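Look over the sequence and the 3D view before reading on.

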Amino acid sequence: MATSNSRKRIVFTGGSGKAGRHCIPYLLSKGHSVLNVDLIPLPHPTVHTLKADLTDSGQVFNALSSHFHLSHYENPRGPGGVGVEKPDAVIHFAAYARNLLVPDSECFRGNVLSTYNVIEAACKLGIKKVIIASSETTYGVCFAQGDVDYHSFPLEEDYDNDPEDTYATSKLCGERCARSFARRFPGVDIYALRIGNVIEPDEYKTLFPDFVKNPGTRKRNAWSYIDARDLGQICDLCVQKDGLGFQIFNATNDTITTDETTAEILDSYAPNTPISREMGEYEAPLSNRKIREVLGFRDEHNWRKYVEV
């Protein structure tokens, strides 16, 4: 049961997308109140969707200082003359989700500008917690041209990220914006989640059999994934954990997406890539060790629960 101190008011951008539509119900189950800011409504009976263009800073400032629901007009006026309560946190997932949805220049413009606007507005409005979606693609292989090797395994947050594609570069720029604002506004926590390949519950039956049968196809995702519901848990853990300033966390589940061991897969498909530390028998090469140790993440939706090997 969530206590009153643990219940937060959260503005969630992009909550109608593949990840958000599972994260928001998880946050609601923990007692939080959520306003979804998106261009597409979220079909949820208790969550209002406010349509906003996040590349317009004026709209962002307004969205982050908005009522969460029409019923909130019944609230008494506050000291400032209005009854709007300040959000406790902003979770920013809205973005062009990959390359080739729009021209590269628009992907870069939209993703970087919206992230800058959200972080700036949150900091200047006095919101003390901002969580942004970065990406597994920043490790430089997912959208690389041709067959490219990673620098080393496991992929951890101190990796030298050097992607060549526009989408991943836009996400690295978002991380840099986050670091800059966290330095400029001491006391504001800004956590960037390098989110792995998001898997919805119905995709275990449709996608994972091929993942297991053809592991070579998973190199671009580092043989790793994140269950959309477990990503909701990660969002909640980030909201609850204060005082870390700027942080980057890999957001993945614990284990590799094959029935072979991690050592066997890396030896077969990445034989020239150095191993920087001893890895667990089935540890995901895109490692979530930091988020387990720092935030207490516990993998609840291991793919082996849903797929017969």
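The points below cover pockets, a cavity and salt bridges.

This is a predicted model, where local features need pLDDT of at least 70, side-chain atom pairs count only at pLDDT 80 or more, and totals for chains, interfaces and linings use all residues. Residues are numbered from 1 along each chain as its sequence is written, and side-chain values use heavy atoms, with hydrogens and water left out. Rolling a probe the size of a water molecule over the atoms shows where empty space is left.

**Terms for the spaces**

- The search uses a 1 Å grid over the protein atoms alone. A cavity is a set of points where a 1.4 Å probe fits but cannot get out. A pocket is an open set with protein on both sides within 12 Å along at least five of seven lines. Lining residues have an atom within 4 Å of a point.
- Grid points are joined across faces, edges and corners, and a volume is the space filled by probe spheres set on the points.
- Helices (H or I, at least four residues) and strands (E, at least two) are DSSP runs, numbered from the N terminus.
- Ala, Val, Leu, Ile, Met, Phe, Trp, Tyr, Cys and Pro count as nonpolar; Asp, Glu, Lys and Arg count as charged; the others, Gly among them, count as polar.

**The largest pocket**

- The largest pocket has a volume of about 1100 Å³.
- Its lining holds 41 residues, and Phe93, Ala94, Ala95, Tyr96 and Ala97 lie nearest the centre.
- The elements giving two or more residues to this lining are α3 (104-124), β5 (129-135) and α4 (166-184).
- Helix α3 gives the largest share, 5 residues.
- By class, the lining has 18 nonpolar, 14 polar and 9 charged residues.

**The second largest pocket**

- The second largest pocket has about 160 Å³ of space.
- Its lining includes Thr261, Leu266, Pro271, Met279 and Glu281.
- That lining has 6 nonpolar, 4 polar and 2 charged residues.

**The cavity**

- The structure holds 1 cavity of 30 Å³ or more.
- The largest cavity has a volume of about 50 Å³.
- Its lining residues are His92, Phe93, Ala94, Ala95, Thr115, Ile132, Ala133, Lys171 and Gly174.
- β5 and α4 are the elements that give two or more residues to this lining.
- The lining divides into 5 nonpolar, 3 polar and 1 charged.

**Salt bridges**

- The structure holds 13 salt bridges (a side-chain nitrogen of Lys or Arg within 4 Å of a carboxyl oxygen of Asp or Glu).
- Glu106 pairs with Arg109, with the closest N and O atoms 2.9 Å apart. Both lie in helix α3, 3 residues apart, about one turn of the helix.
- Asp147 and Lys219 meet in a salt bridge at 2.8 Å, N to O. This pair links distant parts of the chain, 72 residues apart: Asp147 in the loop between β5 and α4, Lys219 in the loop between α5 (203-213) and β8 (226-227).
- Lys219 also forms a salt bridge with Asp149, with the closest N and O atoms 2.8 Å apart. Here the partners are 70 residues apart.
- Salt bridges that share partners join Glu156, Arg277, Glu283 and Arg289 into one network.

**Buried or exposed?**

- Buried means under 20% relative accessible area, exposed over 50%, and partly exposed in between (1.4 Å probe, protein chains only).
- Lys219 counts as buried because its relative accessibility is 8%.
- Asp147 has 69%, so Asp147 counts as exposed.
- Asp149, at 36%, counts as partly exposed.
- Arg109, at 39%, counts as partly exposed.
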